Amino acid sequence: MLRNAKQTVRSSSIHGKWYFVVLVTAAIAISYFDRQTLPVAISAIQRTIPLGDQQFSWLQFAFLIPYAVLYAVGGRMLDIVGTRRGFILIMLWWSGACALHGCAPNFGLLLGARCLLGMGEGGAFPAATRVVAEWVPLHERSTAMGIINAGTAVGSVLAPPLIGIILLTLGWRMVFFAAGAVGFAWVIWWAVTYRGNSEASIATLDARTIARRLSFLNVLGMRKVQVLVFAKFMSDSAWYFYLFWLPKYLYDVRGFDIKHVSYYGWIPYAASGVGSFLGGWLSSSLLRRGYSLDFSRKFVLGLNAVFMPVVMLVPHVPVAWALMLFSIAFFCQQSWSGLIMTLPADIFPLSAVGSVAGLVGFGGAIGGAVFGIVAGFLLGHGFGYGTLFFIVGTFHLIGFLAILLLGGEISPLKTPDLLPI
């Protein structure tokens, strides 16, 4: 009877896993659409609420600091309460916070809404990583995470044209109300259709007990976790700079208006989606061909890091070439990002995946917050975008060298290795 039950669960998981991957991909797309609402609508918002470069950087800081903290706390929560209930709470929170932007009459309340949005969105990727760990076998995980990470591109590609249409017809406040409504609709979809994988639960009967026994200090004290956190800190310092400052760069330096950003601003994000999928597919393909997990992950990570310095050329080329260089950088960044967020599921048992993924994401968000303030300071004190592009062009190389030299072999750990002595 137990064998038949396991066979039934296994059959269910085979048929359900890609559906759940698509479900989570939609959530990630919504999260990136929501966080792009402010950068894309900034030109229209400034007509109502005056915002300079330094204030704009503080709005990003207000998003990223609570985003970082709730990335870690959200990952821990998911390990304790489970993926289904945790994701419902997360999406309800951030969808309400996104809609709240549309009610802001001044900079202070806009700052508060941005903070609340960051708090909600912090749990998205830990939840996604747990879904992958629950449903997807090792040799397909980087492909699955690549698909999920491509959701960042879907949301970012849709943001410029859709937000542009709403801006030109209904005004900037309606942008946030519409985005929040989409999130609430997704909650219904998730609540009705998602279920946990009983087979994964049978394989890790002690998951919740171990999750409660492990403190953040226990997990963070592990060298592999420290290296992943640092690598994510470096790479996301660059990524959040691109994500939040690209529309403003196009407005301020390249002379774009709302229509131009709507027409062309989606191109690098489309490239990021392709990169996210292909990076995950290539790593999975190497694994299926018999290469080790260590080589399959590190080879693709290194390939991505090598191409990231192309952004240093952006200020020195015509706008069409600049968009191409941004597209290369976005392609490689999201290929890198999907693999980095696959590693917690590769290395750690399900009982710790949410916590580790949360800490890794925490490092990335802190990097984005810190460098966002640095970027605003440098631009406000006479430095140009050329200096910033030169700096961020080195970040992925530094992160990859840390993984290569300090991270050790990428291979699964056993549950006892995680228990505090």
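Reply: A residue is called buried when its relative accessible area is under 20%. Please keep in mind that this model is predicted.

Me: Why is T25 called buried?

Reply: The relative accessible area of T25 is 13%. The cut-off is under 20%, and T25 is therefore buried. This residue lies in helix α1 (residues 2-45).

Me: Which residues does T25 touch, leaving aside those up to four places away in sequence?

Reply: T25 touches I147, I148 and G151.

Me: What makes α6 roughly antiparallel to α13?

Reply: The axes of helix α6 (residues 141-169) and helix α13 (residues 267-288) cross at roughly 180° and come within 7 Å. Angles over 145 degrees count as roughly antiparallel, so α6 is roughly antiparallel to α13.

Me: Which residues of α6 and α13 meet, and of what classes are they?

Reply: Among those of α6 are M145, G146 and I147, and the α13 side includes F277, G280 and W281. By class, this contact has nine nonpolar, 11 polar and no charged residues.

Me: Where in the protein is confidence lowest, and where is it highest?

Reply: Confidence is lowest in helix α8 (residues 198-203), with a mean of 45, and highest in helix α18 (residues 395-406), at 94. Over residues 1-15 the pLDDT is below 50, and this stretch has 10 contacts beyond near neighbours in sequence. Over residues 200-211 the pLDDT is also below 50, with 17 such contacts in the model. Where pLDDT is low, predicted coordinates should not be read in detail. For the protein, the mean pLDDT is 80, and 87% of its residues reach 70 or more.

Note on methods. Residues are numbered from 1 along each chain as its sequence is written. This is a predicted model: local features need pLDDT of at least 70, side-chain atom pairs count only at pLDDT 80 or more; totals for chains, interfaces and linings use all residues. Side-chain values use heavy atoms; hydrogens and water are left out. pLDDT is the predictor's confidence in each residue, from 0 to 100. Helices (H or I, at least four residues) and strands (E, at least two) are DSSP runs, numbered from the N terminus. Contact means heavy atoms within 4.5 Å. Buried means under 20% relative accessible area, exposed over 50%, partly exposed in between (1.4 Å probe, protein chains only). Axes are lines fitted to C-alpha atoms, for helices over the stretch in contact, and angles run from 0 to 180 degrees between N-to-C directions. Angles under 35 degrees count as roughly parallel, over 145 as roughly antiparallel, 65 to 115 as roughly perpendicular and the rest as oblique. Ala, Val, Leu, Ile, Met, Phe, Trp, Tyr, Cys and Pro count as nonpolar, Asp, Glu, Lys and Arg as charged, and the others, Gly among them, as polar.
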